[in-house]
Amino acid sequence: MSVNLTLLIVMGALYACGIYLILERSLTRVLLGLMLLANATNLLILATGGYAGLAPLYAKDAAAGDYNDPLPQALILTSIVISFAVTAFMLGIIYRTWVLARRDEIQADVEDLRVAETPSFDAEDDAVIPAETSEFPVTTVMAGGREMPAEAAAEEEKPGSANVAPSPEGGGR
Amino acid sequence: MNLASLAPLAVVLPILGAALTFLLIRHSRAQRAVSIGLLSLTLLLECLLLGSVWDGGTVAVTLGGWLPPWGIVLVVDQFSSLMLVVSSAVSLAVLVYATGQGMADGDQDAPVSIFHPTYLILVAGVSNAFLSGDLFNLYVGFEILLTASYVLMTLGGTGPRIRAGVTYVVVSVVSSVLFLISIAMVYGATGTVNMADLAIKLSELDEGTRTLLHVMLLVAFGIKAAVFPLSFWLPDSYPTAPAPVTAVFAGLLTKVGVYAMVRTETLLFPGDSLNAPLMVAALLTMVVGILGALAQSDIKRLLSFTLVSHIGYMVFGLAMSSVAGLGAAVFYVAHHITIQTSLFLVTGLIERRGGSSSVDRLGGLAKLSPLLALLFFVPAMNLAGIPPFSGFLGKVGLMQAGIELGTPLAYALVIGGVVTSLLTLLAIARVWNRAFWRRPSDAEHPDPVLLATPAAPAARTMAGPGAKRNSAKRNAANQDAVTLLPRTMVGPTAGLVVLGVALTVFAGPLFTVSDQAAEDMLDRSAYVHAVLGDDTVVPPAPTSGGGR
């Protein structure tokens, strides 16, 4: 089986660029990376078909070995269609991310961050100044090493829940 | 006429339903009728398929007039038809639940009209993957179900769902590319993608090439099945989807990955060449997964971690490549699809009734809704493997097979399995104690719904500062009554719980079938003969000692 060296080199370059790009945090680059990976794989499938031969249409005087292998091309066609659908969907998601957050970035998982932060900081027990005892309108507490308004600290106590930490009666805020 | 030749209908009917429901997109009543009707028909058909191969026997259906190994074949055997029946029963229950939820909520918070076509396409993809006797058709089945799952995962396009969806889509696409690369390499090495043909031709390759192909396929399927260390994406992405979607994903999608792993291990690469690494992966999946579950306070996330952890049991059974081990794994897959799905559905009900799925905010549900408590308790104990439930039986089967094998690694896995089972019980008991048993006022941040008087449990809009106990009580009476537990949602959940109990009651026959299926799969000749004709010589499985 002979292979086309140019195709292989192009395939390797596409894989390298694709893997580099999907490791980025920007969604558009990730999408470009996925597209490059899909195309590199198409080249790989093409390469498994062996040498370029006759089109696989029956001709009277052609030997069986002269024909091109049609199966890889059918596989490539299918995979092109699939990667087209995925690309279209990814573009939709990227647009939606942009509409929602004005950012073209993969966002961190809030719950993961909560689990990661749980043992080191507890808003009720570890606050330097308990939020309720302050008589000033805007209070700041030391929360995990950074300063923030007391309300924000209370909010952070349980991210993802809207109605936690009822403020004290007549808190004057 | 042979019943098994109806097998393509298991894929065609849901796709037909998807087309019809898409046409009926503005008529939600007709849409519901069509999708539920066609899915019930599919389930009936698959029960017939299972009945036709119940006593053994494998049937191959060639499509498009091309004979194997050139054309695409669908293969019906005990394992694939059992998976089809369980998956369709589960997806039918989830569909009824989802339509019930849609009707109760008045279809306003999500574009539910697109739900039905997408859901049916997902079912078609799952059926196609289970039936496929061709590696590339398996890939197509995976892509059908994945593309449908991308849409379902991001249904409604809210911020958290898009965020989780991005992770899910990227990871899935990368695993699909890996799978496609493996197919290309397999084709390059053997010149065929027919699985029965591959069973013969792969054994003629030299050791190095075969191991490379084996590892690549296992990694690609391992990502889909969420085997540690390839499981990181699952607890991140599943919990944010709508409750019925999470339920069906948890029940089916990872199991399709496990199914593909089983086929890879038994049909394509028999023998015990990679059993040791698989066992280590299984042990780590079990232990790391359940430790992750213990750190969670959100029930959905906790269940996602137990899902990862219990994939380890199936991989353990698979990695023993003995009839007892594989049979127990087949039984465990059927059990776990049902139980995990019903737990996620119950969590959806908990979220409706209690206003939250976080155990920090729940309490007193046992008193508030004894039915809900029962629906949670039974599958939860089943998951943890408390006798006499099917989870216990499946685990006992795995332990027995492990002790039969008798290698130090197998003993380590048996111990790991017992520890994981106990830790599952601990995680589940935490949920039970907090969400169901304690008084609502003892919760860290009780949801106002729980503190309202039982007569008017609809204080859902009470939020923000000042949502104290008294004011919640006062205002609760003014709220519109919302059906918190509509019968259309409780019904399918109860149905699945009953199905889980039925798996326990009928564990005897089920174990017989799964043991037979395991025997056939390890023997391979039934499969290869069904596809390629009776006079094909099946090469024996290479063993490096120990194995079977």
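**Entry 1: Ala55(A)**

I looked up Ala55(A) and noted that it counts as exposed, because it has 9 C-beta neighbours inside 10 Å. The rule I applied calls a residue buried if 20 or more other C-beta atoms lie within 10 Å of its own, exposed if 12 or fewer, and partly exposed in between, with C-beta atoms placed from the backbone. Ala55(A) sits in the loop between H2 and H3 of chain A. I noted that helices (H or I, at least four residues) and strands (E, at least two) are DSSP runs, numbered from the N terminus. From Ala55(A) to Pro70(A) there are 15 residues in sequence and 8.1 Å in space, C-alpha to C-alpha.

I recorded that this is a predicted model, in which local features need pLDDT of at least 70 and side-chain atom pairs count only at pLDDT 80 or more, while totals for chains, interfaces and linings use all residues. Residues are numbered from 1 along each chain as its sequence is written, and chains are lettered from A and ligands numbered from 1 in the order in which they are written.

**Entry 2: chain A as a whole**

I found 6 helices and 2 strands in chain A. Read from the N terminus, their order is α-α-α-α-α-β-β-α. Buried residues come to 21% of the 173 residues of chain A. I then turned to contacts, where two residues qualify if their C-beta atoms, placed from the backbone, lie within 7 Å. Among the contacts of chain A between residues at least 6 apart in sequence, 47% join residues at least 24 apart.

I also checked pLDDT, the predictor's confidence in each residue, from 0 to 100. Chain A has an average pLDDT of 74, and 65% of the residues score at least 70. Over residues 157-173 of chain A the pLDDT is below 50, and this stretch has 27 contacts in the model beyond near neighbours in sequence. Where pLDDT is low, the predicted coordinates should not be read in detail.

**Entry 3: helix H3(A)**

Helix H3 of chain A (residues 70-101) has 32 residues and reaches 46 Å from its first C-alpha to its last, close to the 46 Å expected. The expected span is 1.5 Å times one less than the number of residues. Among the buried residues of H3(A) I listed Leu75(A), Ser79(A), Ile82(A), Val86(A), Met90(A), Ile93(A) and Thr97(A). An α-helix has 3.6 residues a turn, so residues three or four places apart point the same way.

Which elements cover the buried residues of H3(A)? I found that they include helix H2 (27-48) of chain A, together with H5 and helix H6 (159-190) of chain B. Just after H3(A), Arg102(A) takes a positive phi of about 55 degrees.

**Entry 4: helix H5(B)**

I followed that cover into chain B. Helix H5(B) (residues 135-153) has 19 residues and should span 27 Å at 1.5 Å a residue; its end C-alpha atoms are 26 Å apart, which agrees. I noted that 18 of the 19 residues of H5(B) are buried.

**Entry 5: chain B as a whole**

I found 22 helices and 2 strands in chain B. Its C-alpha atoms fill a box of roughly 80 × 55 × 40 Å along the principal axes. The radius of gyration, taken over C-alpha atoms, is compared with a globule rule of 2.2 Å times the number of residues to the power 0.38. For 548 residues a compact globule would have a value near 24 Å, and chain B has 23 Å, which agrees. Of these 548 residues, 61% are buried.

**Entry 6: the strands of chain B**

I noted that two strands pair if DSSP finds at least two bridges between them. Strand E1 (residues 59-62) of chain B is joined to E2(B) by 4 bridges, and the two run antiparallel. Thr62(B) has Val73(B) as its bridge partner in E2(B). Val73(B) and Val75(B) point one way from E2(B), Leu74(B) and Val76(B) the other way, and all are buried.

**Entry 7: backbone exceptions in chain B**

Most residues other than glycine have a negative phi, and most peptide bonds are trans. The peptide bond from Phe228(B) to Pro229(B) is cis, with omega near 5 degrees. Pro229(B) lies in the loop between helix H8 (207-225) and helix H9 (234-237) of chain B. Ala226(B), in the loop between H8 and H9 of chain B, has a positive phi of about 60 degrees although it is not a glycine.

Is Ala226(B) buried or exposed? Ala226(B) counts as buried, because it has 27 C-beta neighbours inside 10 Å.
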